[in-house]
Amino acid sequence: MPDDPETGRRRIHLVGVAPWRQAVDFYYNPDDDLDLDDLGFTFPARWAAGDLFVIVTTDSPASAVVVVEETHHDSTGPDSYDQYLGPFELSLTAVERRLGTPLPSAPATLDTSSGERLIAAISAEEKSPTPWRELDERGCVARSEPVEPYSRCACCGEWADEAPVLENHVLVDIQELEFFGYGSIVVCRTCHDLLHRPLAPSSDGLMFGFRPLCPRCSAMRTYQVIRGFPAGPPGPGTLLAGCDRSDPVTFEYRCGACEYEWTEDDDGYQPLPAEPDDDVAVRARIAPIPDGVYRLYSRTGEPGRVVIGRYAPRGPGPHSAAWGDAIHHELVGQDGRIYLVDPTTVRSAEPHTWETRQPWTDDM
């Protein structure tokens, strides 16, 4: 393993990565939709095999360390490296606080002493993360204001009597400001802590994260549909639908991407006919994961989620050893993905009408 010729020890390099959301998906939640061509790294001019890369985000609201990797080739060879520490999300500000000095902007090569201290600071921060309230990079604590007692969390929707501690969260991202329309929002303490993670979701992203994905296109921006005439404006993330009760099914949600409307109530949808056509669109819930079967976490494939597509039950397949020697109830989703679904939840994708909800009989 080549070393720093001056000290005989390997060198540490700061490497930038952007966009940071794709980097999070790459290291934390591998997804078939991730396009690695959109993930860019900025490397220093030279490095040797065995050197360490400290990968830091360069475009996130607050810079963060996501992984430390060991390279197998020098800068003249092909890209090849293994994960050495992480993945993790560590506030770069917290790491610098432990070092007692700011780090140079990536890409950069550190001297041996600084590099070793950086690795030690990263390890210490991983074991005992610095509370965000001590760093307060957004100024939420410094600019705290009284919260009205009838307020509710802008993210999870809990009222003050359900989540007694409500706080103000300062918005700085342009997308957040455009969505909520003002400089701060009221959130519960739990959501506030989530919004101050080093690689936190946006405030609107966290709000939509509490809602189901669209069954048709799997988009995340699901709007709640409110019936009637509320006392005040419905607020961001909600839509007014008037008081029309002409349909037997009340839709709770509307997709902000494809405008599909649905309810999570399975009873609002018709049972399938005894012998449905192969091309009929059905609604079903993703099957639970059997014991002993490993599946990476993904909201898209989360068990219990409603999906819409073409139902395709199949016999034992190549994965029968893991899934059991039984029929595999597959659904080819309208989003292009293939799901294993619970056959007891399969229903027509068409909601009930008055005729299907209360069918007429000859006795009536």
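The protein has nine helices and 18 strands; helices (H or I, at least four residues) and strands (E, at least two) are DSSP runs, numbered from the N terminus. This is a predicted model, in which local features need pLDDT of at least 70 and side-chain atom pairs count only at pLDDT 80 or more, while totals for chains, interfaces and linings use all residues. Residues are numbered from 1 along each chain as its sequence is written, and side-chain values use heavy atoms, with hydrogens and water left out.

The predictor's confidence in each residue is given as pLDDT, from 0 to 100. Its mean for the protein is 85, and 86% of the residues reach 70 or more. Over residues 317-323 pLDDT stays under 50, and the model has ten contacts beyond four places in sequence for them; a contact means heavy atoms within 4.5 Å. Where pLDDT is low, the predicted coordinates should not be read in detail.

Of the 364 residues in the protein, 39% are buried, where buried means under 20% relative accessible area, exposed over 50% and partly exposed in between (1.4 Å probe, protein chains only). Among contacts with a separation of 6 or more, 58% are between residues 24 or more positions apart.

Helix α1 spans residues 20-28, and its buried residues are Trp-20, Ala-23 and Tyr-27. Seen down the axis of α1, these residues fall within an arc of 50 degrees, so they line one face of the helix; the arc is that of the directions from the helix axis to the C-beta atoms. An α-helix has 3.6 residues a turn, so residues three or four places apart point the same way. The cover over the buried residues of α1 includes the strands β1 (12-18), β2 (40-42), β3 (52-57) and β4 (64-71).

Further along is an open sheet of four strands, with mixed pairing and the order β11-β10-β12-β13. Here β11 (238-240) and β13 stand at the edges with a single partner strand each, so one side of each has no neighbour in the sheet. Two strands pair if DSSP finds at least two bridges between them. Strand β10 (residues 222-226) runs parallel to β11 and is joined to β11 by three bridges. Gln-224 has Thr-238 of β11 as its bridge partner.

The loop between β13 (261-262) and β14 (281-285) holds Gln-270. Beyond its neighbours within four places in sequence, Gln-270 is in contact with Arg-347, Ser-348, Glu-350, Pro-351, His-352 and Thr-356. At 3.0 Å, the side chain of Gln-270 reaches the backbone oxygen of Pro-351.

Notes:
A polar contact is a pair of N or O atoms within 3.5 Å; within protein, one must be able to donate a hydrogen and the other to accept it, and residues adjacent in sequence count only if both atoms are side-chain atoms.
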